[in-house]
Amino acid sequence: MANILVNNQERPTRMWSPRKLRNPILLAVVLFLLAMGVVTAWAVQISYNHYRSQIMLRATSMTQVLAEYTLRNMAAVDLTLKTIIDSSPMQHPQNDAQLRDWMTRRLADLPDVRSLFVIGADGLVRHNTDSPNTSRLSLADRNYFRFHERADRDQLYIGQPLLSRTVDRWFVSVSRRIDGPRGEFAGVAAAAVEPTFYERIYRQLPLGPKDSISLWHEEGHLIARYPDDMGLVGRRMSNLPIFQEHLPERKTGKFVANGPATGGTPQAVGYQQLPNMPLIVTTGLSLESISGNLRPLLVAILAMFGLLSALAIAMPILIFRRIREREENLKRDLVLQKSEALARMTSGLAHDFNNVLAAVEAGIKLMTRHASDPDKVQQFASEAGEAVARGSRLAGQLLQFAKQKELSFQQADINELLRQLEPMLNQGADGINLHLNLQEGLPACVLDRTQFDAAILNLVINAKDAMPNGGDVTIKTTKRVEKRGTQSLKPGEYVRVQVSDNGPGMPPEVMQRVFEPYFSTKGENGTGLGLPQVRSFMEQLGGSAMLSSSRGRGTRVELFFPCDTASTAKPLRTDLPTPHET
């Protein structure tokens, strides 16, 4: 050290000035603030994209559920029309009371249908559940009548919304052609579907004030919408982007819309066209809710940004102050001593400053990484002295699409119900062989007839979908007595309904999830709600639903219905006329 002092005494002493560090530090502060701004903008953009994708996913999920619901309703209407045609309505006298009463009873299973009616080849109404006095009403000019009159074969026709001539309300015609003995055109069997039914269903869903759900005809006509605050039902809007750009490319998808059809509000729109039908379901969810979800994050980021900016500005001031203090103390020392002391001081300040930057950087990275989790954002922001409110999360999933509705219990003979349901099952399971293996002498059960039919039809259709090349489906009934009970069944007597197929089966990992809501093996064609609804129905009855399957050996679903031990089943009288009844 003495040599160094001596050497420094031999040359002029030069004092170190803090101005040498002023510009680099100021430049570092500016660059740091710019980097913070970039990181903040990036974090906000990432969060915006996250919430937008969540809204898109919710819109798509709701659309899939509603499309499946609409498809099943239309399939039920189609099955009813086929049943009417099979009953040979042209052989009944015009306005036959017995046929009209039977058609009216069918309406109980079709909540979306206002009326069923049959039109003769001359265009005059022959049978109508709306009114028996419409025999002179001609519908020969209606588009659905002209379509079937010109068609060379029977096919389902779903028309654009029309104003009814009897009740002056909008309806959608669902119709099929009736052929004569030699295949000639003999008339039309039709159903008037009420758009207001779907509006009531949409109204029950958890929608925001700027959200909307719509049902469209593929030619651009609006069938139903909630909310319909603009009176657009029945209008043709084929110039909308969904018809001009999206549907020609894909029958299901999502996009962002902003225009008159959305009330001027940006919406995430999910859409899906029903398979083999000219109907499109759209769900539009407002994107304005993103700002509310981002508000807690923005408050936290701005608070952190303000704190770090204050630190970045304060640190150079503190550094310059300490340097000046050291300079005054080092004026009496030699240049080497001042340099050595300054080096130690600068090293310590740089180390402290790096520690601050490291902590800040870690906080920013943690906030950015957990931007979608308001709880963690609040935790990190609270360390900066600001409280951050937790952001609200998106519904459902529903949604629930379906609320549990009160069951209508009645005593029933399951074998007789299955025999009555067999024609409908054969219609719904076209392409496969259906077999009934029913054990006689089974005790009666108490159940809801509508839910029972829906559950069996669901299982048969699932089996059919699993066997696109055809196969066998067997419905077997047996009696089972549980003396000790199991985890799924209480002690007692049960009627077991077993629906089995000889399809490809499913692997264990799929079988374990089939009763999970929204899990589907059908891809975009399924909603994953069928089997969960079957299980829910069985649990409401006090029974159980079980599934077993293996690769290459098919699938078996077993439904256990609690017996009504106080009585035995009595055959239920069917009020479904056969084609031979007159």
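Predicted model: local features only at pLDDT ≥ 70, side-chain atom pairs only at ≥ 80, totals over all residues.
Let's start with the helices. Helix H10 covers residues 414–428, and helix H11 covers residues 449–465. Their axes come within 10 Å and cross at roughly 45 degrees. The pair is therefore oblique. The crossing of H10 past H11 is right-handed.

Who touches whom? On the H10 side, the contact residues include Leu417, Leu421, Met424 and Leu425. Gly428 of H10 takes part too. H11 brings, among others, Phe452, Ile456, Leu457 and Val460. Sorted by type, the residues of this contact are eleven nonpolar, two polar and three charged.

Two of the H11 contact residues are Arg449 and Asp453. Their side chains also form a salt bridge, 3.1 Å from N to O. They sit four residues apart in H11, so about one helical turn separates them. Asp453 is buried at 18% relative accessibility. Arg449 is partly exposed at 24%.

Now the salt bridges elsewhere. The count comes to 15. Take helix H2, residues 19–86. Glu68 and Arg72 pair there, with 2.9 Å from N to O. Again the spacing is four residues, about one helical turn. Glu68 is buried, with a relative accessible area of 15%. Arg72 is partly exposed at 35%.

Asp78 is buried at 11%, and Lys82 is partly exposed at 23%.

Note on methods:
Residues numbered from 1 in each chain as written. Heavy atoms only, no water. Axes fitted to C-alpha atoms, helices over the stretch in contact; angles between N-to-C directions. Parallel < 35°, antiparallel > 145°, perpendicular 65-115°, else oblique. Left-handed = near helix turned anticlockwise from the far one by under 90°. Contact = heavy atoms within 4.5 Å. Nonpolar A, V, L, I, M, F, W, Y, C, P; charged D, E, K, R; others polar. Salt bridge = Lys/Arg side-chain N within 4 Å of Asp/Glu carboxyl O. Buried < 20%, exposed > 50% of the residue type's maximum accessible area, 1.4 Å probe, protein only.
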